[in-house]
Amino acid sequence: MNNQLLIKEKLQASLENIPTKSNGSPITDLQIDKTLAEEIEQLTTELESVNPNLNPLLYATSLLEGAWQLQYSTAREIRSLVSLPLGLKLGKVYQVIDVANKLFFNLAKVKHPLGLVSGYVKVTASFEPAKEDLEPPSNKRINVYFDKRYLSIEKIVGINTPQLNLFKVVPANNPNNRTATLDITYLDETLRIGRGGDGSLFILSKCNDFPDFTSLAKTYST
């Protein structure tokens with residue numbers, strides 16, 4: 001077994017040591033023991049150092065394409081989703097990428113534990129390779145431009161509510177006085193690691209069961 005696969009297996013084993021939730025929601029570093037969080041960070045850094053696709057925006061766009069599920073993050077925006085209003089609980093969080101059109105959306109499922117309400121929050125965005133004063137260019141950093149935020153209630157007490165699907169659409173927030181960036185620091189057929197502009201960590205696994213993946217274009221025309 002080569003070094004890359006060995007480190008990847010160790011990282012996945014560490015992630016599997018985290019008590020998972022039945023709703024599939026991502027885990028943050030604030031929800032686990034500090035020692036385990038440090039272990040995950042160390043293994044992530046080691047895996048990033050043996051990234052098999054150093055130039056994903058040039059030579060591995062086919063691997064980027066499609067649906068990904070967020071497994072673990074240290075990002076402030078993900079941490080904040082742990083405490084939602086009205087007793088709502090976070091479920092699975094997806095990111096679906098359309099490389100050809102340089103578009104993606106993030107979708108977070110939410111549900112009341114008593115089944116009173118279920119729905120999702122979706123944020124659409126566009127991206128482009130970052131133009132940096134680097135020789136040669138890194139080919140791993142993208143600039144991100146958030147577009148709209150969609151709020152949807154799919155069911156109330158188990159009853160479908162199509163009239164409340166996308167009941168609210170508002171402009172998405174972008175950082176003040178700077179462009180949001182994301183570095184794709186590791187990429188293979190089943191795992192992707194990213195680092196936000198503030199160094200925050202995102203670990204995602206390729207997802208083949210995202211329900212709306214085949215209608216990706218519809219997401220941006222709604």
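Visitor: Why are helix 1 and helix 2 called roughly antiparallel?
Guide: In this predicted model, helix 1 (residues 3-16) and helix 2 (residues 34-48) pack at an angle of about 155 degrees. Angles over 145 degrees count as roughly antiparallel, so the two helices are given that label. Their axes lie 9 Å apart, and the crossing of helix 1 past helix 2 is left-handed.

Visitor: Which residues of helix 1 and helix 2 meet?
Guide: From helix 1 come Q4, I7, K8, K10, L11, S14 and L15. Helix 2 supplies L36, E39, I40, L43, T44, E46 and L47. By class, this contact has 7 nonpolar, 3 polar and 4 charged residues.

Visitor: Why is D183 called buried?
Guide: The relative accessible area of D183 is 12%. Buried means under 20%, so D183 falls in that class. The residue sits in strand 9, which spans residues 180-187. Across the protein chain, buried residues make up 42% of the 222 residues.

Visitor: What makes the pairing of the D183 and R141 side chains a polar contact?
Guide: The side chains of D183 and R141 are joined at 2.6 Å, and the cut-off for such a pair of N or O atoms is within 3.5 Å. R141 is also one of the residues in contact with D183 once neighbours within four places in sequence are left aside.

Visitor: How many helices and strands does the protein chain have?
Guide: The secondary structure comes to 6 helices and 11 strands.

Technical notes: Residues numbered from 1 in each chain as written. Predicted model: local features only at pLDDT ≥ 70, side-chain atom pairs only at ≥ 80, totals over all residues. Heavy atoms only, no water. Helix = DSSP H or I, 4+ residues; strand = E, 2+ residues; numbered from the N terminus. Buried < 20%, exposed > 50% of the residue type's maximum accessible area, 1.4 Å probe, protein only. Polar contact = N/O pair within 3.5 Å; in protein donor to acceptor, adjacent residues only side chain to side chain. Contact = heavy atoms within 4.5 Å. Axes fitted to C-alpha atoms, helices over the stretch in contact; angles between N-to-C directions. Parallel < 35°, antiparallel > 145°, perpendicular 65-115°, else oblique. Left-handed = near helix turned anticlockwise from the far one by under 90°. Nonpolar A, V, L, I, M, F, W, Y, C, P; charged D, E, K, R; others polar.
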